[in-house]
Amino acid sequence: PLLRFRRRFLKTGKPVIGKSGYIIDAGGTRIPISVSTAVLRDAAGRVTGGAETFRDLSDLEELRRELEGRYQVGDLTSRSPLMQRVFEVLPAIAASPSTVLIVGETGTGKELVARTVHALGPRPQGPFVAVNCGALPETLLESELFGYKAGAFTGANKDKPGRFSLARGGTLFLDEIGEVSPALQARLLRVLQNRTYEPLGGTRSERSDARIVVATNKDLAEQVRRGVFREDLYYRVNVVRIELPPLRRRKEDIPLLAEQFIARFNRLQRRAVPGITAEALSLLMAHDWPGNIRELENAVERAFILCPEGRIGIEHLPEELTAHGAARGA
């Protein structure tokens, strides 16, 4: 980076002020610095030399890392006080073997929290297996979870391991557990109690040592009162509870999340979109985001695609956001 700054300075003669870079000392340590250059001229305006100054940014870099550490746990990033409470308990939750219940609206990042619990736990190298219980019919979900033996039903020509088997030594994440039928709830209860299950068509029980993390966007206590969710299963999964706030209650995270999404899309698409304008960001902040973080990510991705160069502006945002902003302005 220093050579690039010098070449530009020598070519244009224009000063370079406060450009970030790094140097490597004799021990191979990378030291962050800022560089400034200037032309020295005499009274007649003739160039007599140049000056180059370096500022060690090690202390600032250390402070930046410390601040980031306060706002980040694993892949989770937030400045919200509500999320900071979650960050405070996540390491202890991850270290325990207990079943975890993650509660939050659709799109609040429940699977990301589950992955963070897995990554911070004692077996991060083990598999992380996710199942969306609301996306599969009951018969298919049962075979997906427990597997089956050859001959268990028409078309079952060979054994197939289920997700409980595949998650051995790791974590099994059961998303939208509130969608599971009462019959399948009974089988799940047995697995959680005894750590054993029987594949479809099997005659012997198999063990699973997978860490179980479940998630739902429903009020399971209300479902218990209505009789659609087993009370004993509810108490079994509600050992450790993590509640994720909706994005409308943590709007201070919107600039941070938008910046993260833009950085990721830049890496994936090999582009260099520098960010988002203040006007466009104000519209993002004004929206209530019923679809939460997932909706925000989709909006930023769309704007990223429509932005040919420069920063993402109002003209690149989805129509529902710009129409909402115009209505508020009126």
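Start by selecting R187 and F146: R187 lies over the face of the F146 ring, 4.1 Å from the ring centre. A charge counts as sitting over a ring if NZ of Lys or CZ of Arg is within 6 Å of the ring centre and within 35 degrees of the ring normal. Before you go on, note that this is a predicted model, where local features need pLDDT of at least 70, side-chain atom pairs count only at pLDDT 80 or more, and totals for chains, interfaces and linings use all residues. Residues are numbered from 1 along each chain as its sequence is written, and side-chain values use heavy atoms, with hydrogens and water left out.

The structure holds 6 aromatic pairs (rings of Phe, Tyr and Trp, the last by its six-membered ring, with centres within 6.5 Å; planes under 30 degrees apart are stacked, over 60 edge-to-face, the rest tilted). F146 and F164 make a stacked one, at 5.5 Å centre to centre and 0° between the planes. F146 sits in helix α5 (residues 138-146) and F164 in helix α6 (residues 163-166), so this pair ties together parts 18 residues apart in sequence. Helices here are DSSP runs of H or I with at least four residues, strands are runs of E with at least two, and both are numbered from the N terminus.

What does the pair F164 and Y197 look like? F164 and Y197 are tilted, 5.8 Å centre to centre with 35° between the planes. Y197 belongs to strand β11 (residues 196-197), so its pairing with F164 in helix α6 ties together parts 33 residues apart in sequence. With that, ring pairs link F146, F164 and Y197 into a cluster.

Buried or exposed? F164 is buried at a relative accessible area of 1%, and Y197 is buried at 2%. F146 is buried too. The cut-offs: buried is under 20% relative accessible area, exposed over 50%, partly exposed in between, with a 1.4 Å probe and protein chains only.

For another charge over a ring, select R271 and F304: R271 lies over the face of F304, at 4.6 Å from the ring centre.

Next, go to L317, in the loop between α12 (292-306) and α13 (319-329). L317 is buried, with a relative accessible area of 5%. Which residues does L317 touch, leaving aside those up to four places away in sequence? Select A280, L283, L284, R302, A303, I312 and T322; a contact means heavy atoms within 4.5 Å. A280 is 37 residues from L317 along the chain, yet their C-alpha atoms are separated by 7.5 Å.

Now select strand β13 (residues 211-216), where 6 of the 6 residues are buried. Then show β10 (residues 171-175), which runs parallel to β13 and is joined to it by 4 bridges. F173 stands opposite V213.

Finally, zoom out. The protein has 13 helices and 14 strands, and 41% of its 330 residues count as buried.

Note on methods
Pairing = 2+ DSSP bridges.
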